[in-house]
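Hello,

Here is the structure we spoke about. Please have a look, then read my notes below.

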Amino acid sequence: MSDSDAIISGLESAFSENRATLIVGTGLSMSCSSNANGANWVGFLRQSIDWAIEHTQAGSTWKTTVEMVLSSALEEGDTNMLISAASLIANKIGELGAQGKHNWLTATIGALPLVDSSWARALDKLRCPILTTNYDTLIEQATGRSTASWTSTSNMQKVLARTSNDVGHLHGVWSESDSVVLSEADYTRVLHSAPLQALQQAASSVTSLVYVGVGDGLDDPNFSQLLGWHRQTFGASDVPHFRLCRDSELEGLKRVHGSDHITPVSYGSSWEDLPGFLEQFHEDDSAVLLRRNHVELARDILTARVRDLSIVCEKLDDLDERSLSQLVAPPVLLPLSNEQFQASKESQTEESSSSEQLERCDPREVAATQGITIVAGPEGSGRTTALYWLLEEASRTALGSAPVLVEFSELSRGGKPLTNALRNRVRETGAVLSKGAPLPKLIVGIDDVHPFSSRIVEQTIQELVGMSESGMPVFLSCKEGFEGELAKLLGSAGLQHVVRYVGELSRADIRDLVSLAKPSRSRAIEDNVVSILKQQHLPRTPFTVSLLISVLTAGHIVAPNSSHTTLLDLYLNQLIGRGDIAEDSRWGMDSDLRSAVLSDLAEFFIRSEAGSLAEADVVSRISSYFADRGIPESASDLLHNLRRRKVLSHETGRIFFSHSSYLFIFAAKAATKDKSFRDYLLSDPLLFAPVLKHYPSLDRSDIDLLTSLSKFFAIMDVGVMNSRSIHEPVKAIEAPEDIEERLQGIENAFEAGELSDEDDEHAVEAPDDLEAFPRQRNEGSPLTLPDDLPDFHRYSTALDVVSTALRDSILIADPSLKREVLVQVLQGWAKLGSLFADSAELVEAVRKTIEKVAASFGASEERRERFVNVMTGYSPVMIIHGGMASSLSTTRLVPALAEAISDPDFANDPDAALGASVFLLDVQPQGWVKQLEYVSSKYKDTKVMARAFKLLCMVSYSIGSHSPDDQSRLRRYISDLESRLFTFKKEQLRQSFRASFEQNVLKRRQPGAIGK
């Protein structure tokens, strides 16, 4: 074998064994742009001189000086002098600030045209990591790859580790102006950077560096600097490195590289020969090449995302080494919504059939489900985290399938929105897709699906039809309340699917979550978390509980009147460094300044109607904020600080808040300081609902806000003023003669131990001590409102916002206003139940979900049908209860309620009476049952009270904690409602029935549910 054949063989081995890393220079830019002015270094500098003269204060003296240095550098062949000229240019343009620098790079490097993509496509087909010293993104434009800059250590490490298909820019990229390496100071900075050290470690082990399109000296000073680093790093190396060149350059380069273990390889006589030369190293384009460990890489990507979002584990020293299962606990998944699940358990107890009891879904079984699984839950319930866990778990049973998660917001209109998004994600897993090639085996997750975005949803579902034929598992998450519409659309397309709901955490779940973060103090923190959840009636979601764990682990104290917003604010204060005694605002940035800037940025994001903004725009906004206030701080430094603290994130040159909740609460903070911004939010309360819900916890005395929201809701309320469908009278049937014997049969079942704890194998565990407390849902909505969003969802969003404002505006000194708004929203929540009941589509969607659950029972068809009918009938009250618990329930409104109830007109309104009844059941102030008896006395014969509300009362009685008097009264109240279902020939028979039923109810009370 000749020397040239051996060299080609070595190069082929490097490519075929995945040991090659490409380093690309300005030759590619010149080829792609057809040698456009500015594609090489000297041309770029000449362009920049002209731009500086036109846009800065630079005069003729400055221009003459720079051109003299540049000419001397070219005459002397001095690379260092050339970089000196570049430094003069960079410093002058730098005087314009971040926006000026961005404008300069956009007009020069950013304007390079993509004329010929042959070089870029040929390199892309080698399926290697691509690093470049170029500032332009012509490779990305030609190949569809994304961009990673040296300023992002994690992204560059992913490129080097082959877990990302991004193009790594060693000297920065034009779209991120702060990353561009041009001056002497910049070169010093980059040569000491972490990514370059990572490159050194990777290359010094098994990687062969293949230099392509690099020039010598003045043609490519970036490469000259990199070549010096290479020689210093490797010395005598056993790993071959290569430099591709033209025939005319070969002999000269052999002498240049005689001492640095870089072997020149000729690809032909001209630049146009490179693509043809590289074809011999390309793999078959008719197939998709998946790297041997692509599934592991896909899991690593999921884990990295969870790691970035982790709250519980973020402070741990071993965070970067933890697997996904060590970062999050398995999700709580239910066959029905939380309210329906609790009600169904009580309903099944009435049937006396322990074999039909509903249980939590095994998350591992859910992960193994073929077809489509819908995961529904309120905002903040942990839907996205559940999706991450399910995808990772599913990939362990579906061998060879890579888990891929896309956001629904990523899907753009076009022929195949889902496929296009998946192809982009697949490239991150180490798979290379040729044009038109099918997707590899995947487990697909789509987060936050909006079924009312009609066109994109229709296209996506059509794509899912094709994927279902291949047996590809698919997991979809959506906001609770949207699952019915999504299920209907899937069913219409003939797609089999199941719906699972994200459930609330029990004490055992909280224990597991605490143990992830602080196993040494897990019991003490667990007790504190449970105590706070009980006292404040906070939502028992993974997000809220994680916030509590983080705050308590850090040693903070949670105030007695804390709301979800207060808790989130406390956590964010921890993130931005509030309370750090090492900080002194006299000598630099402190937490107050960070908070103020974040509030200003949040307003900027909201007014821009953007979820992310270009980094240059964000830097410019911060710079303006500092300039307006005479603050001598660096905007770039603050931005990097906020990214390091995980409040802001960065991806592909854009900045966004790491969690949508962070954006919303900082926007609310901005609104408390700027009433014009508050009024801007109030101009569209439905769109800005997520922000407005935080506002009252930050400014608890804004009477204008509450008044404005109340007026807005009153307008929406007009259309449902006469809806009374859920208040129909119950159709009582004649009590059978053996009715007491039937009740006795149930009692005997308890006494015989059928449902008791006499048999250890079937012992009844003590109830979870959190079950006795109202469950809340942190409702929210995205900052987009589909035009065809149903009236039910619009009404519920408006009701949610005004209820939250009333609950949290505790310092408003206007009791009459509070009373009026309370009556308004109590009526509204009852009307929401009627809106649901009046919607055939919503009812049918819920019914189908319940039918699927009932189908899993071993009961007769008749009993399954009865279960479905009962649970469907209960749904309106479940919706009222869940929504009210989320946004309205608080003991601070008890005085306003007492005053409202004292008005005779109040009790004459069935909606007000129902709303007040649910509120009392949820809050349970002292003597609440007596108030309940009064306010509902006229409506005990209605279906909603005698059936659905009675079931809620039974759940509370079974697992709640009540005073002896309330417990006795509640038992009698329940028996009274039950007796309304029957007609009795004599009052004595009614009373006898009630006495027997009360004994039955008493036996339902679970062990451990003791009185207060």
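Serine 34 sits in the loop between α2 (26–32) and α3 (41–55). Helices here are DSSP runs of H or I with at least four residues, strands are E runs of at least two, and both are numbered from the N terminus. This is a predicted model, where local features need pLDDT of at least 70, side-chain atom pairs count only at pLDDT 80 or more, and totals for chains, interfaces and linings use all residues. Residues are numbered from 1 along each chain as its sequence is written, and side-chain values use heavy atoms, with hydrogens and water left out.

Most residues other than glycine have a negative phi. Serine 34 has a positive one, near 55°. Glutamine 924 also has a positive phi, about 55°, and is not a glycine. Its place is the loop between α41 (910–923) and α42 (928–935).

Buried or exposed? Serine 34 counts as exposed, at 51% relative accessibility. Glutamine 924 is buried, with a relative accessible area of 15%. (Buried is under 20% relative accessible area, exposed over 50%, partly exposed in between, with a 1.4 Å probe and protein chains only.)

**Helix packing around α24**

α22 (residues 507–517) packs on α24 (residues 542–553) at about 45°, with the axes 11 Å apart. Axes are lines fitted to C-alpha atoms, for helices over the stretch in contact; angles run from 0 to 180 degrees between N-to-C directions. The pair is therefore oblique. (Under 35 degrees is roughly parallel, over 145 roughly antiparallel, 65 to 115 roughly perpendicular, the rest oblique.)

Ile510, Leu513, Val514 and Ala517 of α22 meet Pro542, Val545, Ser546 and Ile549 of α24. Contact means heavy atoms within 4.5 Å. The residues of this contact are seven nonpolar, one polar and no charged. (Ala, Val, Leu, Ile, Met, Phe, Trp, Tyr, Cys and Pro are nonpolar; Asp, Glu, Lys and Arg charged; the others, Gly among them, polar.)

α24 also packs on α25 (residues 564–576), again at about 45°, with axes 10 Å apart. That makes α24 oblique to α25. The residues of the contact of α24 with α25 are eight nonpolar, four polar and no charged.

Three strands form an open sheet in the order β16-β18-β17, with antiparallel pairing. β16 (613–614) and β17 (648–651) are the edge strands, each pairing on one side only. Strands pair if DSSP finds at least two bridges between them. Four bridges join β17 to β18 (residues 654–657). Glutamate 651 has arginine 654 in β18 as its bridge partner. Helix α28 (residues 635–644) lies across β17 and β18, at about 100° to β17.

Best wishes
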